[in-house]
Amino acid sequence: MKQAPAHVPATAGAVPAAAALALGDDALVLSHRLAEWAGNAPVLEEEVALTNIALDLLGQARFLLSLVGDEDELAYLREERAFRNVQLVEQPNGDFAHTIARQLFFSTYQELLFGRLAAGDGPFAPLAGKAVKEVTYHRDHAEHWTLRLGDGTEESHRRMQTALDALWRYTGELFEPVEGLEVDVTALRDAWLTLITKTVRQATLELPTGPQAGAWTAGAGRQGLHTEPFGRMIAEMQHLHRSHPGASW
Amino acid sequence: MTTMAPDTESYEAVFDAAVAADERIEPRDWMPDAYRASLVRQIAQHAHSEIIGMQPEANWITRAPSLRRKAILMAKVQDEAGHGLYLYSAAETLGTGRDELLDKLHSGRQKYSSIFNYPTLTWADVGAIGWLVDGAAITNQVPLCRCSYGPYARAMVRVCKEESFHQRQGYELLLTLSRGTEAQHAMAQDAVDRWWWPSLMMFGPPDDESAHSAQSMAWKIKRHSNDELRQRFVDICVPQAESLGLTLPDPDLRWNEERGHHDFGPIDWAEFHAVLRGNGPCNDQRINRRRQAHEDGAWVREAAAAYAGKHRDTQGEARA
């Protein structure tokens, strides 16, 4: 079978490949993390909801990666340093509050981004137009759970606050420029912060006060610099595919 | 039956007449206590099987070898959670609660299908489960679409549609492997070898040992005996195995012209009973994982309840 692409072309047709990979990898990796919940969710309704979100994201990933090349080659044959997703989406599920905090931060970003992309006439407009409806549901789901957990019991409040604080350092990277993307993601930060602040306050929680980036996290995922759990995640994801070179599935 | 109330006898006559006329019994209708108990047992066990059945397949979601297969498998596991939800709702129409049923599953007082106590060791097992396990489930469940209890019958119509779809996908997965590389073909054959006999056990004990069968058939909860359905399944699978280019692990399997059916070898009932008693390969693992998920989720459910309590007046029930 084909070798892993040594590098990705700057544009695949009219599509800026780096941007398609960045957005595609975000969706691919978060979908994988959410799918790890299957069979472990706190209630049956959440088995359905989390898988539903994971499936939407996988659909987005397949569309975006296919713009760049063969979806399976890109998902299964790239090594860790070639993935372009933000570090936020690769963070382990943790408890349900961590999963919800990650989802709230990311879906809010994705809804703003896809809203802007859908309004334009760039190469991502058709995808964004369809996906923005999905993402609105994802954000709504995360927002409702943030409210329930934040304004639920003492324990759920504590856990939700811990999760927001723990993941806060990975949110700065969402607003690093993405090569080839027509929307300036840096400019989404204010709108994002307003939405997150509103939800967090309504949930009787505090907006985290720490920096939005660790020593080297800002922009790192987009450069292929990831956190340690990510290597393990893709080892699991890729092992079967890599064990049978050239096979079709 | 005893004469518990002055008019129980007439209620019972109405019930018997409705069953005899193939009419549906609905939640508000009078029904014998034993009929109610038997349905709760069967529907709950069915719901539990959907929920436990997510585990062997979810075991491969994170390792699915292509994005297309991954999407199909995730959709399937999601459907199973949905089937569990329909079935718990159907059971609830009989006056029991989902929490109570889950509690009985977690404490081992209610069972789930023995098949899910077998491990998924390779990717091909996902295909074998789709083809054989879902195939056996459909053979069992299609007659339940005509079951005398309305809510159960209606749930089965929806479940069977989705299961048929999963079964075809499982078959197609195995076909791809069977026609793939030598290693893939061997993987498919090995999976079928491991899942064939456990699938035949899904139809339950032989007719002369089936405790609930006669009464369930009289009540038209069941329409066919275990052995009838098992035979039907074998007859369906043999030509499908041939089309797949795979063999079934039974040296005694052959067409019997006289009976118009396939003869097949003896089932290892000792293994079946061992698995039912809790001594199968994954019984402990499956139930512990389910209990763990439930325990780990307790604080989430408590939070949702507390939040709903606080905000009942200001907004409608928040969407889950």
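Colleague: Which residues is B:Ala241 in contact with, leaving aside neighbours within four places in sequence?
Modeller: B:Trp131, B:Leu246 and B:Leu248. Contact means heavy atoms within 4.5 Å. This is a predicted model, where local features need pLDDT of at least 70, side-chain atom pairs count only at pLDDT 80 or more, and totals for chains, interfaces and linings use all residues. Residues are numbered from 1 along each chain as its sequence is written, chains are lettered from A and ligands numbered from 1 in the order written, and side-chain values use heavy atoms, with hydrogens and water left out.

Colleague: Is B:Ala241 buried or exposed?
Modeller: Buried, because its relative accessible area is 3%. The cut-offs are under 20% for buried, over 50% for exposed and partly exposed in between, with a 1.4 Å probe and protein chains only.

Colleague: Which helix holds B:Ala241?
Modeller: H10 of chain B, residues 226–244. Helices are DSSP runs (H or I, at least four residues; strands are E, at least two), numbered from the N terminus.

Colleague: And where does B:Gln167 lie?
Modeller: In H7 of chain B, residues 150–178. B:Gln167 counts as buried, because its relative accessibility is 15%. Beyond four places in sequence, B:Gln167 touches B:Gly130, B:Trp131, B:Asp134, B:Gly135, B:Ile138 and B:Gln240.

Colleague: Switching to helix packing. At what angle do the axes of H2 and H5 of chain B cross?
Modeller: Roughly 70°, and the axes come within 11 Å. H2 is residues 33–52 and H5 is residues 98–106. Axes are lines fitted to C-alpha atoms, for helices over the stretch in contact, with angles from 0 to 180 degrees between N-to-C directions.

Colleague: What does that make the pair?
Modeller: Roughly perpendicular, therefore. That class covers 65 to 115 degrees; under 35 is roughly parallel, over 145 roughly antiparallel, and the rest oblique.

Colleague: Which residues meet there?
Modeller: B:Val40, B:Ala44, B:His48 and B:Ile52 from H2(B), against B:Leu101, B:Leu102 and B:Leu105 from H5(B).

Colleague: On to the two chains. How many residues does each give to the contact?
Modeller: Chain A gives 52 and chain B gives 49. Together they bury about 4,500 Å², 65% of it on carbon and sulfur atoms. Buried area is the accessible area (1.4 Å probe) that two parts lose on being put together, summed over both.

Colleague: Which chain A residues lose the most area to chain B?
Modeller: A:Leu44, A:Arg148 and A:Trp249, together 18% of what that side buries.
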